[in-house]
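Subject: Handing over the structure

Hi there,

Here is the structure I promised to pass on to you.

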Amino acid sequence: MSILNTLHRVGALARASLTHKLDSARAITFSLTRCSDEGNATEGDVTESSSAETPKIARRPVISVETSIRYMNSDAYKQTYGDEPVWKPYRRNHKGMFPTRRTRKTCIRKGQISTGNPCPICRDEYLVLDHRNVKLLQQFINEYNGDVLSYSKTNICQRRHKQLLVALIRAKDYGTITYDVPLRQYDYSEWKPSNN
């Protein structure tokens, strides 16, 4: 009996919002949660109220930069990533033996994660690419020459890589990230020929 009610609600939702593309799994889940929230409502009441309202799409919350900076210094971050960069434990899904050089264009479409294996930045909503989040940006800089690591190594999507480049340029302009090549002092007496 509840399956028929659910299917009836899905049809009512589809008729109510013809302008939007209907995702049947989301509509069924929405109607099941509505049914469990309303409890002892009659069938007519549920059908009328569900046809008047459209289902809300579960979108990712917008996290501020200050929250992201606090997260980078928290124990939850240390338990998740340890001392390694955020891109280190990530493994890409790809067809065939060798991965393609270019990563996917984006992991998030219309405010939702659109893939089963999102990139290291898209999968954690508390990682915000901004010029003030220095601890995150330094993980994408090569420690030996100061260059930005390639997306084929870090496996982040193209959209996040562009955001990373913009954040790094702004961080260098604002002076939050500076890079100097370390000066090495060599002892040339080890290579000088002996005068024996």
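Below is what I found in it, going from the whole chain to single residues.

Please keep in mind that this is a predicted model.

**The chain overall**

The protein chain has nine helices and two strands. Along the sequence they come in the order α-α-α-α-α-β-β-α-α-α-α. Of its 196 residues, 31% are buried. If you take the contacts between residues at least 6 apart in sequence, 67% of them join residues at least 24 apart.

**The nonpolar core**

The largest nonpolar core holds 26 residues, and the members that touch the most others are Val 86, Ile 121, Leu 127, Leu 136, Leu 137 and Phe 140. At least two residues each come from helix 4, helix 5, helix 6 (120–123), helix 7 and helix 9 (158–174). Helix 9 provides the largest share of this core, with four residues.

Leaving out residues up to four places away in sequence, Val 86 is in contact with Tyr 77, Tyr 81, Pro 120, Ile 121, Leu 127, Leu 136, Gln 139 and Phe 140.

**Helix 4**

Which residues of helix 4 are buried? In this helix, which runs over residues 65–72, they are Val 65, Ser 68, Tyr 71 and Met 72. Viewed down the helix axis, these buried residues fall within an arc of 115 degrees, so they line one face of helix 4.

Helix 6 and helix 9 are the elements that give two or more residues to the lining. Helix 9 gives the most, with three residues.

- Gln 158 is in helix 9. Is this residue buried or exposed? With a relative accessibility of 10%, Gln 158 counts as buried, because the cut-off for that is under 20%. Beyond residues up to four places away in sequence, Gln 158 touches Arg 102, Thr 103, Arg 104, Lys 105 and Tyr 151. Between Gln 158 and Cys 107 there are 9.1 Å from C-alpha to C-alpha, while in sequence they are 51 residues apart.
- Thr 154 belongs to helix 8 (residues 151–154). Thr 154 is buried, with a relative accessible area of 0%. Its contacts, again not counting residues up to four places away in sequence, are Trp 87, Pro 120, Phe 140 and Leu 149.
- Arg 59 sits in the loop between helix 3 (43–52) and helix 4. Arg 59 is partly exposed, at 49% relative accessible area. Arg 59 touches Lys 110 and Gly 111, with residues up to four places away in sequence not counted. The C-alpha atoms of Arg 59 and Gln 112 are 5.6 Å apart, although the two residues are 53 apart in sequence.

Happy to talk any of this through when you have had a look.

Best wishes

Definitions and conventions: Residues numbered from 1 in each chain as written. Predicted model: local features only at pLDDT ≥ 70, side-chain atom pairs only at ≥ 80, totals over all residues. Heavy atoms only, no water. Buried < 20%, exposed > 50% of the residue type's maximum accessible area, 1.4 Å probe, protein only. Arc of directions from axis to C-beta. Core = buried A, V, L, I, M, F, W, Y, C linked by side-chain atoms within 4.5 Å. Contact = heavy atoms within 4.5 Å.
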